[in-house]
Amino acid sequence: MLNDILGEPPLDNTLNDAERVRILAKTALFAPPPAVLADGRREIVGLSREALAEALAALGEKPFRAKQIWHWIYNQGVTDFGAMSSIARPLQARLAEQFVIGRPEASAVQTSADNTRKFLFRFRDGQEAETVYIPDRKEDRGAVCISSQVGCTLSCRFCHTGTQPLARNLGPAEIVGQFMAARDSYGEWPSPAGETPRLLSTIVLMGMGEPLYNYENVATAMRIVMDGEGLGLSRRRITLSTSGVVPMMDRCGAELGVNLAVSLHAVDDALRDEIVPLNRKYPIAELIGACRRYPGSSNARRITFEYVMLRGVNDSEAEARALVRLIAGIPAKVNLIPFNPWPGSTYLPSTRQRLDRFARIVTEAGFAAPIRTPRGQDILAACGQLRTESRRARTVA
Ligand code: SAH
Ligand code: SF4
């Protein structure tokens, strides 16, 4: 059972049984509600291909129907069974009796002065999470930043989401649905064939929550997104960011093989323990070990280390030098993120001079070290600024 849910233990046994039980218990406690409406209809978005085929087999339909319906939903973007013109009317009607093709409801949409667009999505049980579309400033395309949880358990000191206790995990329909609803908003259907880029051509799992604490749902969602007959984003167009859930990094690499971003933010355990409290469980040496093991990393496919620049806290030249020693030999780039303030935050962004010096040391050591321009700050859409009012629903005793 444990293995079914968490996968085989990695060979080096980094994920011991106690940890596996703990992660599993947490996952169950914060599970999303079943994707079923009050009238009994099931949400069809978010079913894996296998689950869709099974559901159709139960209706007495042949496997090719699943392929057709998949195409309508994920390639054409239809939200109405009546629009599936290759499906006969009686079957359309039966499908509509049993299923809905849903989207999270956008309860607020704000567009920043720099064209970054933030969506507040409300799910069926009223819980809300935010999604951000960040257009590239040069090219005619951009990334959709997706949330994996409502709130977060991890309380990193500099992060607004970390001040919102975890309400619950998001389900596959809700994770894929954020991307589909963002595409709706830009009229981006049908999905492009192959790798032809569209405006919304990349996914970054960098919104609210820790994706590796909701691994199963995130994995199901990403498999749907990567399916070549539907949305068709290649794994190279997906980046998952983690604050360092070491045991799950191995699994993510082996099973999904998406690009990895690691929220490092400090180069010694004393400081990282304080600002990224998960470090007390998985200290820096273990985290870097997992990065070295991450499959497929090469110069063409580098791991991104995220480093939020906090004035006077982690931005010294000595720390820049320690950083390059720490990641030596890993095909990597370092994203230097100027701290984005939020209501009640106590840190200050590093000065431009400190940013530049830090970047220069890292660059001279041979790593790309772009300083990220904050995007969507005016609408609280930049890194670490997302937060909603959702609270955990009271559990029935
Ligand atoms: N929970 C995952 C995914 C969130 S990604 C993770 O932590 O990796 C969001 C990125 O923005 C992370 O690197 C996070 O550490 C960073 N971040 C959080 N608060 C920030 C802030 N106020 N300013 C700049 N970056 C921040
Ligand atoms: Fe959670 Fe990531 Fe924010 Fe830390 S930085 S509190 S892990 S969302």
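## Crossing of H11 and H12

In this predicted model, helices H11 and H12 cross in a right-handed way; that is, the near helix is turned clockwise from the far one by less than a right angle. Helices here are DSSP runs (H or I, at least four residues), numbered from the N terminus. H11 covers residues 317-326 and H12 covers residues 352-364. Their axes lie 9 Å apart, at an angle of about 25°. That makes H11 roughly parallel to H12 (angles under 35 degrees count as roughly parallel).

H11 brings Glu 317, Glu 319, Ala 320, Arg 321, Leu 323 and Val 324 to the contact. H12 brings Arg 357, Phe 358, Ile 361 and Val 362. Contact means heavy atoms within 4.5 Å. These residues divide into 6 nonpolar, no polar and 4 charged.

## Ligand 1

Ligand 1 has 20 residues around it (a heavy atom within 4 Å), and Phe 158, Gly 209, Ser 241, Ser 263 and His 265 come nearest. A nitrogen atom of ligand 1 is 2.8 Å from a polar backbone atom of Phe 158. A ligand oxygen atom is 3.2 Å from an N or O atom in the Glu 306 side chain.

## Ligand 2

The residues surrounding ligand 2 are Cys 152, Leu 154, Ser 155, Cys 156, Cys 159, Gly 162, Gly 209 and Ser 243. This shell divides into 4 nonpolar, 4 polar and no charged.

## Basis

Residues are numbered from 1 along each chain, and ligands from 1 in written order, with chains lettered from A. Local features need pLDDT of at least 70, side-chain atom pairs count only at pLDDT 80 or more, totals for chains, interfaces and linings use all residues, and side-chain values use heavy atoms, without hydrogens and water.

Key
Axes fitted to C-alpha atoms, helices over the stretch in contact; angles between N-to-C directions. Helix = DSSP H or I, 4+ residues; strand = E, 2+ residues; numbered from the N terminus. Parallel < 35°, antiparallel > 145°, perpendicular 65-115°, else oblique. Nonpolar A, V, L, I, M, F, W, Y, C, P; charged D, E, K, R; others polar. Polar contact = N/O pair within 3.5 Å; in protein donor to acceptor, adjacent residues only side chain to side chain.
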